[in-house]
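Work through the exercises below with the sequence and the 3D view at hand. Try each task before reading its solution.

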Amino acid sequence: MSQHYRKVQTIIEPKPVMEGAGVRLKRSLGGEELNYLDPFLLFDHFGSPHAEDYQAGFPMHPHRGIETVTYMLAGEVEHRDTLGNEGTIAAGDVQWMTAGGGILHEEMPQVRPEGNAGFQLWVNLPAKLKMTQPRYQDISSNNIPEVTLEGGANVRVIAGNIEGTDGAVNDIAANPTYLDVSVPSHGSFVQTIPQDHTAFAYVFEGKGTIVHAEGQDWVTSPRLIVLDEGDAVKIVTAEEPIRFLLVSAKPLGEPIARYGPFVMNTQEEIQEALTDLRKGTFIWTEEKALS
Ligand code: MN
């Protein structure tokens with residue numbers, strides 16, 4: 001079986017932004033350069049050894065119509081929400097939150113000697129699930145499967161399937177793949193990606209080469225690489241190792257209306273979210289879902 005390796009479509013340099021109550025982070029999706037990579041709405045990389053860059057955190061705020069995916073590399077984030085969930089997301093853990101019809105939550109990085117580092121991705125929900133019941137999948141690091149592949153790559157399988165190993169997160173509408181891939185020097189990594197999926201790699205350590213039929217493209221960190229069409233990706237290393245996230249999912253092809261933490265299909269639905277928030281009827285309830 002011959003594979004059609006994806007080449008680089010666009011390289012995005014993450015831009016510094018201030019979010020929440022004053023958290024410094026680097027944004028590569030959801031900003032001016034690329035506002036929407038269907039179904040991905042936002043991709044932020046946070047990472048600092050300095051408490052003043054992260055300790056203000058993200059006090060209680062709403063979400064509707066999307067999923068937020070937090071993956072921690074270092075430090076800890078305390079979270080709690082209006083469903084009564086609370087806990088700690090520690091290094092190596094992932095929290096996949098389906099905000100659905102409405103949730104309020106806070107995400108507060110804790111001051112730690114190792115600082116605070118990780119990623120947050122926002123995945124859009126299809127129209128039929130925008131008002132669905134909110135759901136959390138909290139996965140601790142030791143429950144994330146790891147596989148070592150031919151070519152030397154070590155892969156943490158957060159979502160998706162690699163050579164028969166299922167990711168820790170399941171039943172997500174966009175059928176996503178979310179991998180944390182480390183390729184040693186003089187190594188290689190090949191992964192199948194469904195032809196109809198949007199895919200990107202976020203390189204956060206080292207450098208490597210994306211190999212395809214027309215040649216090869218150098219990629220370095222930190223950069224978000226939007227991959228062109230194809231049914232697989234191949235990344236090889238030379239002297240330096242590389243570490244990147246590989247994320248893909250099925251695009252929705254629906255209109256979007258976005259306003260801060262709400263992403264709906266129409267402006268009317270955004271207005272409704274704001275009205276609900278003002279009237280204190282924002283949070284998803286079973287009664288509301290039935291009405
Ligand atoms: Mn949030």
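Predicted model: local features only at pLDDT ≥ 70, side-chain atom pairs only at ≥ 80, totals over all residues.

Residues are numbered from 1 along each chain as its sequence is written, and side-chain values use heavy atoms, with hydrogens and water left out.

**Exercise 1.** Find which residues coordinate the manganese ion, and where His 61 and His 105 lie.

Step 1. Donors are N, O and S atoms within 2.8 Å of the metal (3.2 Å for Na, K and Ca); water is not among the atoms, so sites may look incomplete.

Step 2. Strands (E, at least two residues) are DSSP runs, numbered from the N terminus.

Step 3. Buried means under 20% relative accessible area, exposed over 50%, and partly exposed in between (1.4 Å probe, protein chains only). His 61 is buried because its relative accessibility is 16%, and His 105 is buried at 0%.

**Exercise 2.** Describe the salt bridge between Arg 156 and Glu 146.

Step 1. A salt bridge is a side-chain nitrogen of Lys or Arg within 4 Å of a carboxyl oxygen of Asp or Glu. The structure holds 13 of them. In the pair of Arg 156 and Glu 146, the closest N and O atoms are 3.4 Å apart.

Step 2. Arg 156 is in strand 14 (residues 154-159) and Glu 146 in strand 13 (residues 146-148), so the bridge ties together parts ten residues apart in sequence.

Step 3. Arg 156 is buried, with 9% relative accessibility, whereas Glu 146 is partly exposed at 48%.

**Exercise 3.** Which parts of the chain does the pair of Arg 243 and Asp 180 link?

Step 1. The two side chains meet in a salt bridge with an N to O distance of 2.7 Å.

Step 2. Arg 243 lies in strand 23 (residues 242-249) and Asp 180 in strand 17 (residues 177-183), distant parts of the chain 63 residues apart.

Step 3. Asp 180 is buried, at 1% relative accessibility.

How values were computed. Helix = DSSP H or I, 4+ residues; strand = E, 2+ residues; numbered from the N terminus.
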